[in-house]
Amino acid sequence: MDISLFGRGIEVFQPGRPEPPLDASPPDRVTLVLRQCVGLPCTPVVEVGAMVQGGQVVAEGVPGASAHLHAPFGAEVKGFEEVLLSGGARARAMVLEAAPAAGMMRFEAHERPLRRSREELVGAIARAGIVHGGGEGKALADILDETAVSRGFIAATGENIVRPLEHLVIRFCDVDPHLATLASATLEIGEDMRELELGIGALLRITGAGAVHFVMDRGQEASAIEKLASEADWQLHRVASSRYPLAADPFLARLVSGREPPVAFRQVHESGTLVLAVTTVLEVARAVAADRPVTHRLVTVLAPSGRRVIRAPIGTSLAEVVEAAGAGGDIGKVVLGGPLDGVSHHTLDRPLTKPMIGLSLIASAGMDHWANEPCIGCGLCVMVCPTRLLPGMLSRYCEFGQFDKAEAAHLFACIECGCCAYVCPAGRSMVQFMIHGKTEILTARRAS
Amino acid sequence: MDQKRYVVSVSPHLRQGRTIRSMVFLFIAALLPAAAWGVYQFGVPALVVLLAGVVGAVGTEALMGRITGQGLTVKNGHAALVGLVLAMMLPPGAPWWLALLGAAMGILVGKLPFGPLGGAPLNPAVVGVLIVAISWPDHVNAFRQPLSAPEALRSGDAAPAEHPLDAVRTDPSDVGESDAKTVFLGHQVGPIGGISPLLLLLGGLFLIWRRVIRWQAPAGFLLGVFAVAGIAASVAPMTSPPAWFHLATGLVVFGAFFLCTDWSSTPVSPWGLFLFAFCAGALAVVLRMTDLHFGRVPWAIVIMSLATPLFDRIVQAPFGKVVRHA
């Protein structure tokens, strides 16, 4: 029994109401990182110097391990360069320079997209290069395959067991309340429900999910979506998304299924609930309706001067995205993602990639320092921890190298949301300790 | 290529801005109304005791910080908090040097040997007050009648003021004379900081609201006191005072909100904290039935604190963890 009186998570100030997205002016060149999500890098299928049409496949993903990559506009392939990703990994990237003469591909609309077979629909999603966001991202087609194809370790019993999806959850609000990417996309949908309906229809046909759930913020206005939900007998859940991180996948899975999915090393979809962002559903709709690929991305640019949601081609330099948002000032830190769980990056000279949902710029004056004083045992972190851990205790174990104790105290149930560090009066860099402990344990395991 | 390099660090990149110092100062602020009420009821001597406690604790920690090269650790205010809490537990008739010495001992024995803030296994203020209670038992029982008591009781010829629980023990009919409301509003004989359950309750609720302390501690403690006192009162109504009397007198409310909630000496796990406080409350009532005359609530808490590491083993299953029932 959980005896947390105030509820878990942290209450976060939301900077203003969401606005519809703003289209960035198309850049002169884009840098397409060949490794857009977890898995293997894509293989280029065009030569240097070739002219490519907008929407054309320029690099193919490995089935089961990555997603296709497309040119966002008519362009010339200039060559390849190396990009330093956050986390220190280097990745090869293809540089395209805009050549309007090459033009855009024509996409033929299918007569009855939902009549296509399941394999055809998954194939369309795979060819469109859709990446399921969240963390590093993963190719959506691969996830859909995992949920509907029997797997060896289960089939070893002799029975061909498939673990189907039970719940399909569409998220209309952002996990980090500082961002407004999904809220803005929801505003843009407005009254036209056709794409949303088509996307959900396709996903239902592929996954065979029994129930569809919409998750919106309490304050979000969307009468058309409410109407759609009630007509189709889909459930609409209102959550207080200002309470971070309770709109994150594991907690939504608990909300709709009543079961808590295991969080260590696993993706939530393995427990029978697939949580998708509304933007991903729209991409699915475009993919199955006319084989339209993913070439653009919605990102929230959160700056000290304000918040804007920008639509920019994948591969655009982040500096240009920031410019499009009109953000400036004395910036001290660049964070890929929201300020609560994003990863800081050392430069704005990095291309936009598919899993990105936000870009937070922290003013030099607003940067905090980790005091890292000893834990005083106040228990504030215990009050806010959404996974019911004792973060203070774990951080002490990891700090002093007692990794076996940390593991026994369920270190791997930590989702690194950062609530504990947010409230810690001793200024301890809690997430750092957790990651350090996990890395040490995994390294030791690999060595043995 | 000329480009700006930005700072890289671990997430989260925003913080609530809470510091140890701000938490300690909220704690002190929550104690001040009850302390001020004590000063009002008992006059200047009580104020001198409170100040002596603070000076003793801050002075000792500053001096030791200088000697040991730890720097000025008193800046976070915790030493002042220890001194204030200690002085509030003393009776109004205690001499000022008792508070000074108790605070110094609390810091020297209860806090500093265990390293930086957060290491102390026992509440330093309680350690300090128990040391002086054992050393000078007469001085810690020097109770006085409050200003609001009837004139007859306050005159020089009247019998010396007795702690209400001791008064009840010698004459069980005493309960009838003090009704719950006046006692709760702070018209009673008791320690400087403990005579106003109302102000202590308000201060404690303020701390819970500002998330400086956790509700599990006071709830468990008061429940423990209520349960054992209630059982005693129903089993032996002639010799045991009613449960409300236990709740409203002495250091019970003070202990529930300001001693059981000490950060380092209490469990961090929610259930552990609740059970810890419940046991401490129960133990306090049991100690009140013994011959012990001073420090029954502090003793109960300090004894339970010894078991804090055990209570910290009572943890909830983490999110998504499948609990196997064998």
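Q: Is helix 15 of chain B mostly enclosed or mostly open?
A: Largely enclosed by the rest of the structure, because nine of its 10 residues are buried. This is a predicted model, by the way. Helix 15 of chain B covers residues 296–305.

Q: Which residues of helix 15 of chain B are buried, then?
A: They are B:R296, B:V297, B:P298, B:W299, B:A300, B:I301, B:V302, B:M304 and B:S305.

Q: And what covers the buried residues of that helix?
A: The cover includes helix 3, helix 5 (124–135), helix 13 (252–259), helix 14 (270–288) and helix 16 (308–311) of chain B.

Q: Helix 3 of chain B, okay. How does it sit against helix 4 of chain B?
A: The axes of helix 3 (residues 78–89) and helix 4 (residues 96–111) of chain B come within 9 Å and cross at roughly 130°. That angle makes helix 3 of chain B oblique to helix 4 of chain B. The crossing is right-handed.

Q: Which residues make that contact?
A: Helix 3 of chain B brings B:A79, B:V82, B:G83, B:L86 and B:A87, while helix 4 of chain B brings B:A99, B:G102, B:A103, B:G106, B:I107 and B:K111. By class, the residues of this contact are seven nonpolar, three polar and one charged.

Q: Nice. What about helix 2 of chain B, at what angle does it pack on helix 4 of chain B?
A: Helix 2 (residues 44–68) of chain B packs on helix 4 of chain B at about 30°, and their axes are 7 Å apart. Helix 2 of chain B therefore counts as roughly parallel to helix 4 of chain B. This crossing is right-handed.

Q: Who meets whom there?
A: From helix 2 of chain B, the residues are B:V48, B:V49, B:A52, B:G53, B:V55, B:G56, B:A57, B:T60 and B:E61. They meet B:W96, B:A99, B:L100, B:L101, B:G102, B:A103, B:A104, B:G106, B:I107 and B:L108 of helix 4 of chain B. The residues of this contact split into 13 nonpolar, five polar and one charged.

Q: Let's zoom out. How many helices and strands does chain B have?
A: Chain B has 16 helices and zero strands. Its radius of gyration is 21 Å, close to the 20 Å that the globule rule gives for 326 residues, so chain B is as compact as a globular protein of that length. The C-alpha atoms of chain B fill a box of roughly 90 × 55 × 30 Å along the principal axes. Buried residues make up 54% of chain B.

Q: And chain A, what does its secondary structure come to?
A: Chain A has 14 helices and 21 strands. For its 448 residues, a compact globule would have a radius of gyration near 22 Å, and chain A agrees with 22 Å. The box filled by the C-alpha atoms of chain A is roughly 65 × 55 × 50 Å. Buried residues account for 51% of chain A.

Q: What share of the contacts in chain A joins residues at least 24 apart?
A: That share is 70%, among contacts between residues at least 6 apart in sequence. For chain B, the corresponding figure is 76%.

Q: How many residues does each chain put into the contact between them?
A: Chain A puts in 55 residues and chain B puts in 37. On the side of chain A that touches chain B, the elements giving two or more residues include strand 20 (343–345), strand 21 (358–363) and helix 14 (430–447) of chain A. Strand 19 of chain A gives the most, with five residues. That side of chain A divides into 32 nonpolar, 15 polar and eight charged residues.

Terms used
Residues numbered from 1 in each chain as written. Chains lettered and ligands numbered in written order. Predicted model: local features only at pLDDT ≥ 70, side-chain atom pairs only at ≥ 80, totals over all residues. Helix = DSSP H or I, 4+ residues; strand = E, 2+ residues; numbered from the N terminus. Rg over C-alpha atoms; globule rule 2.2 N^0.38 Å. Buried ≥ 20, exposed ≤ 12 C-beta atoms within 10 Å, placed from the backbone. Contact = placed C-beta atoms within 7 Å. Axes fitted to C-alpha atoms, helices over the stretch in contact; angles between N-to-C directions. Parallel < 35°, antiparallel > 145°, perpendicular 65-115°, else oblique. Left-handed = near helix turned anticlockwise from the far one by under 90°. Nonpolar A, V, L, I, M, F, W, Y, C, P; charged D, E, K, R; others polar.
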